[in-house]
Amino acid sequence: MSPETPHTPDPADETHGFEPERRARALVEALPYIRRFRGAVVVVKYGGHAMIDPALASSFARDIVLVRAVGLHPVVVHGGAPQIGEHLRRLGKESEFRDGLRVTDAETLEVARMVLVGKVGRDIVSAINANGGAALGLSGEDGNLVTAVPRDPALGFVGDVAAVNPALLERLVTREIVPVVSSIGADEGGQAYNINADTMAAALAGALGAAKVVYLTDVPGLLADTAEPSSLVSRASVGEVEAMIDSGAVSGGMIPKARACVDAVRQGAGSAHMLDGRIPHAVLLELFTDAGIGTMITQKTEDQL
């Protein structure tokens with residue numbers, strides 16, 4: 001549209017009418033957060049419904065481009081359990097799980113590497129680049145980024161993070177490139193391991209000294225009562241979250257994500273955020289608004305300082 005062409009609001013466009021005033025207030029509200037975190041690293045663990053819904057995936061890519069454009073340094077970490085499972089089913093191979101983790105034999109590991117690095121990671125990179133960003137895909141195997149150790153022989157090639165060498169990521173973000181990291185690592189002998197993406201995001205956030213690590217989930221955040229969505233805990237300390245886990249208030253599939261948030265903060269991240277990735281622009285709403293939309297976990301809450 002040329003500068004001389006008047007803009008006629010589309011009746012189907014929700015941005016007409018009084019919407020411009022609301023949008024302007026949102027920009028003003030975002031300004032102090034942009035100033036505060038300009039130059040800071042933000043690790044985003046991408047997963048859940050946000051990854052498999054095409055509209056949400058496109059929205060996520062645009063959000064990451066915007067976060068980079070205003071001066072923050074996003075690092076995206078992703079898994080891909082549903083995609084791995086689907087590919088294994090196509091091969092006629094059934095998945096076995098123990099304590100929520102997929103038993104990973106040599107064949108399953110090769111599928112995981114192929115799906116995570118060659119498909120899921122490439123799709124995320126392509127989406128970010130198509131929206132004007134500059135993303136680059138890699139895994140924990142690249143540049144000795146993540147040294148892995150086996151978690152349990154019964155799980156096969158499932159690993160934990162033993163060490164992180166953040167030099168490669170640091171070089172990329174200083175060149176305004178968005179790293180997109182697949183959750184595969186390797187031991188000192190070069191053997192690859194499939195690593196839980198929540199765990200990897202926590203380790204990378206700590207090693208990079210990230211200001212924030214954001215986990216996109218399929219729940220509103222950390223709930224005091226899992227049966228009651230309105231019981232959202234908007235802010236908690238790592239000690240309070242650990243107490244909720246020990247008491248059973250946090251249970252089931254939320255335990256690994258809550259532990260990952262705690263680990264990220266204990267390892268050096270400024271704060272960890274658990275968000276509902278089903279909400280469009282969830283990352284922007286949490287980073288750049290006063291209220292936020294999920295749970296923020298810090299070393300101490302304000303009343304403990």
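This is a predicted model: local features need pLDDT of at least 70, side-chain atom pairs count only at pLDDT 80 or more; totals for chains, interfaces and linings use all residues.
Residues are numbered from 1 along each chain as its sequence is written, and side-chain values use heavy atoms, with hydrogens and water left out.

Me: How many salt bridges does the count come to?
Reply: Side chains of opposite charge can pair when their charged atoms come close. A salt bridge is here a side-chain nitrogen of Lys or Arg within 4 Å of a carboxyl oxygen of Asp or Glu. By this rule the count comes to 14 salt bridges.

Me: Which parts does the salt bridge of Lys45 and Asp198 tie together, and how many residues apart in sequence are they?
Reply: The side chains of Lys45 and Asp198 meet in a salt bridge at 3.4 Å, N to O. Helices (H or I, at least four residues) and strands (E, at least two) are DSSP runs, numbered from the N terminus. Lys45 belongs to strand β1 (residues 41-46) and Asp198 to helix α7 (residues 197-208), so the pair ties together parts whose separation in sequence is 153 residues.

Me: Are Lys45 and Asp198 buried or exposed?
Reply: Buried means under 20% relative accessible area, exposed over 50%, and partly exposed in between, with a 1.4 Å probe and protein chains only. Under this scheme, both Lys45 and Asp198 are buried.

Me: What is the angle at which α7 and α9 pack?
Reply: Two packed helices are described by the angle between their axes and the distance between the axes. Axes are lines fitted to C-alpha atoms, for helices over the stretch in contact, and angles run from 0 to 180 degrees between N-to-C directions. The axes of α7 and α9 are 8 Å apart, and the two helices are roughly parallel. Their packing angle is about 10°.

Me: Which residues of α9 make the contact with α7?
Reply: Asp198, Ala202 and Gly206 form the α7 side of the contact. Its residues divide into 3 nonpolar, 1 polar and 3 charged, where Ala, Val, Leu, Ile, Met, Phe, Trp, Tyr, Cys and Pro count as nonpolar, Asp, Glu, Lys and Arg as charged, and the others, Gly among them, as polar. From α9 come Lys257, Ala260, Asp263 and Ala264.

Me: Are α8 and α9 roughly parallel or roughly antiparallel?
Reply: Helix α8 (residues 238-247) and helix α9 (residues 254-266) pack at about 155°, with axes 10 Å apart. Angles under 35 degrees count as roughly parallel, over 145 as roughly antiparallel, 65 to 115 as roughly perpendicular and the rest as oblique. The two helices are therefore roughly antiparallel.

Me: Which residues of α8 meet α9?
Reply: On the α9 side, the residues are Ile255, Ala258, Arg259, Val262, Val265 and Arg266. By class, the contact of α8 with α9 has 7 nonpolar, no polar and 3 charged residues. The α8 residues are Val238, Val241, Glu242 and Ile245.

Me: Is the crossing of α4 and α5 left-handed or right-handed?
Reply: The axes of helix α4 (residues 81-90) and α5 come within 9 Å and cross at roughly 125°, which makes α4 oblique to α5. A crossing is left-handed if the near helix is turned anticlockwise from the far one by less than a right angle, and right-handed if clockwise. The crossing of α4 and α5 is right-handed.

Me: How many residues apart in helix α5 are Asp123 and Lys119?
Reply: Asp123 forms a salt bridge with Lys119, with the closest N and O atoms 2.4 Å apart. Asp123 counts as partly exposed at 40% relative accessibility, and Lys119 counts as partly exposed at 47%. Within helix α5 (residues 106-130) the two are separated by about one helical turn, being apart by 4 residues.

Terms used:
Contact means heavy atoms within 4.5 Å.
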